[in-house]
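Hello,

Here is the structure I promised to pass on to you.

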Amino acid sequence: METVSLEANFDAKLTRNEMIEPKDWMPDNYRKHLIRQISQHAHSEIVGMLPEGNWITRAPSLRAKIVLLAKVQDEGGHGLYLYTAAETLQISREELLDQLHTGKAKYSSIFNYPTLTWADIGAVGWLVDGAAIMNQVMLQRTSYGPYARAMVRICKEESFHQRQGYEIMCRLAFGSQEQKEMAQDALNRWWWPSLMMFGPPDANSPNSANAIKWKIKRESNDQLRQRFVNQTVPQAEFLGLSVPDKELKWNDAKGGYDFGTPDWNEFENVIHGNGPCNKERLAARVEAHDKGRWVREAAAVFAAKKKGMDKAA
Ligand code: BYC
């Protein structure tokens, strides 16, 4: 088939809201766009394990430790589903990881902030996983089949993570005065970086036009950010905590909150490698990758031997 009719067929599938599958023809830019987004998403999952993993040995109870351990393991699993989805687009896992380790590929800005207290683990679950779900629910209907299917399971697990975080915040906010102050301090530090997770304002988002045209993203950065604020402010009120935004105000006419502008200069700095923990996070990832080399090599030898045995049988 000629490229014109292949492209018409691709467009028609999108119009009918059918999924694009790995064996289908797709424009090269669509493939590249997906590799960029899915791999950055995968990198975010595995880098996201670091700030939380930091608290496993210091969780305040056995129950809290088990729950946090399970959550961090889930994030590792999400990374695996997403790398596998990206690999269906003709790129190897090694190449994807190399892009992360050399700083060529981005990962979510949020994981370049430190988790200073146990309340931060609550705030991460509540706000960071909350923002992640807000963005990822629409990705269950993204146009690329393997990505959409990976997102279904990820979303289920992320809701458990969000509840884990909110439970910690409830305990602290309804605890002693000191605990309540810890909860407020965590909210103060995580609020604005959480709003930045949705990406730059629509007017400054170079990838959005194609993402929407190709039905990769179903909603815009600003729409999702607004929904997140609308949903989260009442949760903060329930906790008796105040959102650190003087411009925050309910707007009857729009049926949502008006809110202040995140510091987009800070965001640009963080996504270009100059946030509070960028260097530490990347170094930890590279070290983990190097230390895991023997596992990858042993698994490859085992797989090759098993293949040989299966053939002989
Ligand atoms: N951090 O044109 P734009 C999670 C980059 S949650 C870093 O709007 P797009 C987890 C963007 O990549 C987080 N970089 O881009 C939760 C682009 O640069 P390049 C992961 C960002 O793609 C809890 C440039 O800025 N979730 O994993 O249309 C525990 C211009 O942006 C960010 C996902 O990845 C940011 N926050 O929209 C553990 C969801 N925002 O690539 C783990 C899937 C923007 O051109 N991803 N940039 O050099 C998406 O939905 C979209 O990629 C985004 C950005 C909404 C993030």
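Helices here are DSSP runs of H or I with at least four residues, strands are runs of E with at least two, and both are numbered from the N terminus. Please keep in mind that this is a predicted model, where local features need pLDDT of at least 70, side-chain atom pairs count only at pLDDT 80 or more, and totals for chains, interfaces and linings use all residues. Residues are numbered from 1 along each chain as its sequence is written, and side-chain values use heavy atoms, with hydrogens and water left out.

Let me start with the loops. N17 is placed in the loop between helix 1 (3-15) and helix 2. Its phi is near 60°, a positive value in a residue other than glycine. Most residues other than glycine have a negative phi. N17 counts as partly exposed because its relative accessibility is 48%; the class runs between buried (under 20% relative accessible area) and exposed (over 50%), with a 1.4 Å probe and protein chains only. K215, in the loop between helix 8 (208-213) and helix 9 (221-239), also has a positive phi near 60°.

P60 belongs to the loop between helix 2 and helix 3 (62-87). With 58% relative accessibility, P60 counts as exposed.

Now to the ligand. It is surrounded by 31 residues, and the closest are K106, S109, S205, N207 and K217; a residue is taken as near if one of its heavy atoms lies within 4 Å. This shell is made up of 13 nonpolar, 12 polar and six charged residues.

A backbone N or O atom of S109 is 2.8 Å from a ligand nitrogen. For oxygen atoms of the ligand, the distance is 2.9 Å to a polar backbone atom of N207 and 3.3 Å to a backbone N or O atom of P206. Taken alone, the ligand exposes 1000 Å², and the protein buries 90% of that (Shrake-Rupley method, 1.4 Å probe).

Have a look, and tell me what you think.

Best wishes

Notes
Polar contact = N/O pair within 3.5 Å; in protein donor to acceptor, adjacent residues only side chain to side chain. Nonpolar A, V, L, I, M, F, W, Y, C, P; charged D, E, K, R; others polar.
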